[in-house]
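Good morning, colleagues. I would ask you to keep the sequence and the model in view while I speak.

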Amino acid sequence: MITHLGCIMDGNRRWALQRGLPSWRGHQEGIEALKRTVDFCLQKKISHLSLYLFSLENFKREPQEKQFLFDLFLSATCAALVQECIAKKVRIVFIGDQMQFPESLRTTIDDIQMRTTEGAALVVYLLFCYGGQQEIVAAVQQIAADIAAKKILPNQINKDLFEQYVWM
């Protein structure tokens, strides 16, 4: 039985362009794909869903497209999706380096996580500005800082300690 499903939410722009639509329309359709994926997990009793949404590579896109994506996240469409998640007992957790996002988006992220914290039917991890190597480097940097601050000793580093420093 599958307990954790991971999906890369990729191809929204290609989907739109293949249909002669503007790229932003593909991003809106991505929200619908997200809804279908959440419903699938709920139906199949899959308890964890990881969705790779906005990678570090996405920061290389044109400023207008990045702003559209941020605005989409702050839109009524997203607010309605969050309400649906609350009703369906879905918890939303963001994983990644949020410091690269506008303050308004970080505030919204915090609000969404707080409002969905009681969700127990499904935990959805939104990997936003996430990269595996980035996560490892951030963990190692924090461990080094804690060693320098004498909070831990180098010989205390093991798998269990390292797991305390990773984002997920």
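**Helix H3 and its surroundings**

I begin with helix H3, in which Glu 65, Lys 66, Leu 69, Phe 70, Leu 72 and Phe 73 are buried; buried means under 20% relative accessible area, exposed over 50%, and partly exposed in between, with a 1.4 Å probe and protein chains only. Seen down the axis of H3, these buried residues fall within an arc of 155 degrees, so they line one face of the helix. The arc is that of the directions from the helix axis to the C-beta atoms. On the other side of H3, Pro 63 and Gln 64 are exposed.

This is a predicted model: local features need pLDDT of at least 70, side-chain atom pairs count only at pLDDT 80 or more, and totals for chains, interfaces and linings use all residues. Residues are numbered from 1 along each chain as its sequence is written, and side-chain values use heavy atoms, with hydrogens and water left out.

The twelve residues of H3, 63-74, should span 16 Å at 1.5 Å a residue, and the end C-alpha atoms are 16 Å apart, which agrees. The expected span is 1.5 Å times one less than the number of residues.

Let me turn to helix H4. H4 (residues 76-87) also has twelve residues and reaches 16 Å from its first C-alpha to its last, close to the 16 Å expected. Its buried residues are Cys 78, Leu 81, Val 82 and Cys 85. They cover an arc of only 100 degrees around the axis, which puts them on the same side of H4. Ala 76 and Ala 87, on the other side of H4, are exposed. What covers the buried residues of H4? The cover includes helix H2 (23-43), H3, E3 and helix H5 (103-115), where contact means heavy atoms within 4.5 Å. Just after H4, Lys 89 takes a positive phi of about 65 degrees.

**The sheet and the aromatic cluster**

Next, the sheet. Four strands form an open sheet in the order E1-E2-E4-E3, with parallel pairing; two strands pair if DSSP finds at least two bridges between them. Strand E1 (4-8) and strand E3 (90-95) are the edge strands, each pairing on one side only. E3 is joined to strand E4 (residues 122-130) by six bridges, and the two run parallel. Phe 94 stands opposite Leu 126 in E4.

Phe 94 also belongs to one aromatic cluster, together with Phe 70, Phe 101 and Phe 128. Rings of Phe, Tyr and Trp (its six-membered ring) pair if their centres lie within 6.5 Å; planes under 30 degrees apart count as stacked, over 60 as edge-to-face and the rest as tilted. By this rule the count comes to five aromatic pairs. Phe 94 and Phe 128 form an edge-to-face pair, with 5.8 Å centre to centre and 80 degrees between the planes. This pair links distant parts of the chain, Phe 94 in strand E3 and Phe 128 in strand E4, 34 residues apart. Phe 94 counts as buried at 6% relative accessibility, and Phe 128 counts as buried at 7%.

**The whole chain**

Finally, the protein chain has seven helices and four strands. Of its 168 residues, 37% count as buried.
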